[in-house]
Amino acid sequence: MRNFVEPSRTLPVRAEVDVLVVGGGPAGIIAAQAASGNGLKVMLIEGRSYLGGNLTIGLPILGFLGRKGNQIINGLPQQFVDRLRAKGGATGHRPCPLHVSLTMVDPEKSKDVAYEIVKECGIQLLLNVFCSATIKSGNTVNGVIIESKAGREAILAKTVIDCTGDGDVAARAGAIFEKGNKEGGMQPPTTMFSMRGIDIPKLRMEVAENPEKYDVDIIPNKFFLGDQNFTFVGMRKLIKEARSKGYKIDVDRTIIMTGMTPDEMWVNMSRVCGVDGTEPSSETVGEIEARLQNYDAARYLIDFVPGFENAWIYKIAPFLGIRETRRIVGEYMLTEEDILACRHFEDVVAVASYPMDLHHPKGGDCTLTWCEDCYDIPYRCLIPKGLEGLLLAGRCASTTHEAMASTRVMSICMAMGEAAGKAAKLAVLSGVMPSKVDVPALQKSLLSEGVYFRPKE
Ligand SMILES: Cc1cc2nc3c(=O)[nH]c(=O)nc-3n(C[C@H](O)[C@H](O)[C@H](O)COP(=O)(O)OP(=O)(O)OC[C@H]3O[C@@H](n4cnc5c(N)ncnc54)[C@H](O)[C@@H]3O)c2cc1C
């Protein structure tokens, strides 16, 4: 690739704030909310034209409950769900043998709730602005450079929280990061879509009564009789049968989940291996390929899965869903061993339980590995190694490839967002860098919001 030397120039400073949150997905919305109050100037910037990130692509929130059925994620993430429920935009948390717990949410109402929170908390919001660089003095991040229709501008901040999912801010600031497994393979992306016109009661009855035909992973077939909210993962025999009849299906399992409308289900059945979500040419290939795969998946569902006979494609998610890109190396890197040992940490700021749910980078099947109860996420996973003035929350926090397969689900990203937001607030109020925040004071403030910490054995 040839290089171009950009001439230096003077940029307008659009804003000077106490806490700047970059990325308005599940982690970023909650981080901004947690950082607000006490007269602090908090700003949230988002590259897309709306808030929500992956909350808007048709996914249930997984993992509010733990393996033992108790609620392990509470605090501001729960308040978000409560607000959604009040608008008819979310179900309760349904325990699930495969996914620990499912909470169906409405993508559009999720955006509305995010806007309500931003307004109520006095958070300055900028949509359609992309963070393209950081402003630093030595190893300290003092703000970011944004690009938008208004051109290139600076935002100065005492503390920045990277909630971009991809760790864009930390990477631009020179953080150490990893991508993928030992060979660099990342979990493949998927474009979600929904279908309507589905006879869901028929589907539930058929599956419940014919376990040999409709093989479902881990979940007993009769589970589907009990509640109208569910995710089916399996039906491998049907896929084999369809393939033998010439249908092109790129995944071995049927993954479909109920939405918030009685005849609607979301489909998670495209997969494009080898896509790097931080490389635009690669992402472009993924966007097009996943979209095309979805038409084949819809044809398969209509022709083979009971209840789908009269279904049609209703919505296609607005963007390719990226499961994995950069994982920023922090003061501590959460591992698979930590999760399996249900490890406690002195600097716990969130508790999680979701299994390591790995869609393998080269394709083939998907594996889920559960811990027996739940595990702690230490504050050090939110502090990028060697950088000051910056915190991490969400998918880009400091974990191994395997551990991220658990921490990536939205309830856990929200919980990390709450911890990072509260830490940023404490850092500003006490005039210290995030790495020097008084952790017991941070824990106390999280507890006062209703966050759950496990009793030590
Ligand atoms: C196909 C798929 C299925 C999944 N299934 C589930 C599921 O069923 N349940 C579940 O709980 N989780 C699921 N996940 C995981 C989960 O959705 C994500 O890991 C989670 O949303 C990450 O949250 P986040 O806030 O870190 O990032 P995101 O949700 O990705 O939000 C990041 C936000 O930052 C913005 N942004 C990014 N870069 C910049 C920049 N440079 N400047 C400005 N803004 C920027 C983005 O536009 C986005 O709005 C799934 C993921 C995928 C892809």
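**Entry 1: Serine 353**

I began with serine 353, whose side chain reaches the backbone oxygen of aspartate 373 at 2.6 Å. I then found that this side chain also reaches the backbone nitrogen of arginine 67, at 3.0 Å. I count such pairs as polar contacts (N or O atoms within 3.5 Å; within protein, one must be able to donate a hydrogen and the other to accept it, and residues adjacent in sequence count only if both atoms are side-chain atoms).

I located serine 353 in the loop between strand S17 (348-352) and strand S18 (356-359). Helices (H or I, at least four residues) and strands (E, at least two) are DSSP runs, numbered from the N terminus. Serine 353 is buried, with a relative accessible area of 0%; buried means under 20% relative accessible area, with a 1.4 Å probe and protein chains only. Leaving out residues up to four places away in sequence, I noted that serine 353 touches Leu65, Gly66, Arg67, Ile72, Val100, Cys371, Asp373, Cys374 and Tyr375, a contact being heavy atoms within 4.5 Å.

**Entry 2: Basis of the model**

I record that the model is predicted: local features need pLDDT of at least 70, side-chain atom pairs count only at pLDDT 80 or more, and totals for chains, interfaces and linings use all residues. Residues are numbered from 1 along each chain as its sequence is written, and side-chain values use heavy atoms, with hydrogens and water left out.

**Entry 3: The ligand**

I looked up the 33 residues around the ligand; Glu46, Pro60, Asp168, Arg408 and Met410 come nearest. For glutamate 46, I found a side-chain N or O atom 2.6 Å from a ligand oxygen. Backbone N or O atoms also lie by ligand oxygen atoms, at 3.0 Å for asparagine 54 and at 2.9 Å for arginine 395. The protein covers 95% of the 1,000 Å² of accessible area that the ligand has on its own (Shrake-Rupley method, 1.4 Å probe; for residues, only the protein chains shown count as cover).

I noted that helix H1 (26-35), strand S3 (61-62), strand S7 (130-137) and helix H11 (410-430) each give two or more residues to the shell.

**Entry 4: The whole chain**

I found twelve helices and 21 strands in the protein chain. Buried residues make up 60% of its 457 residues. The C-alpha atoms fill a box of roughly 65 × 60 × 40 Å, taken along the principal axes.

Technical notes: A residue is near a molecule or strand if one of its heavy atoms lies within 4 Å of it. Buried means under 20% relative accessible area, exposed over 50%, partly exposed in between (1.4 Å probe, protein chains only).
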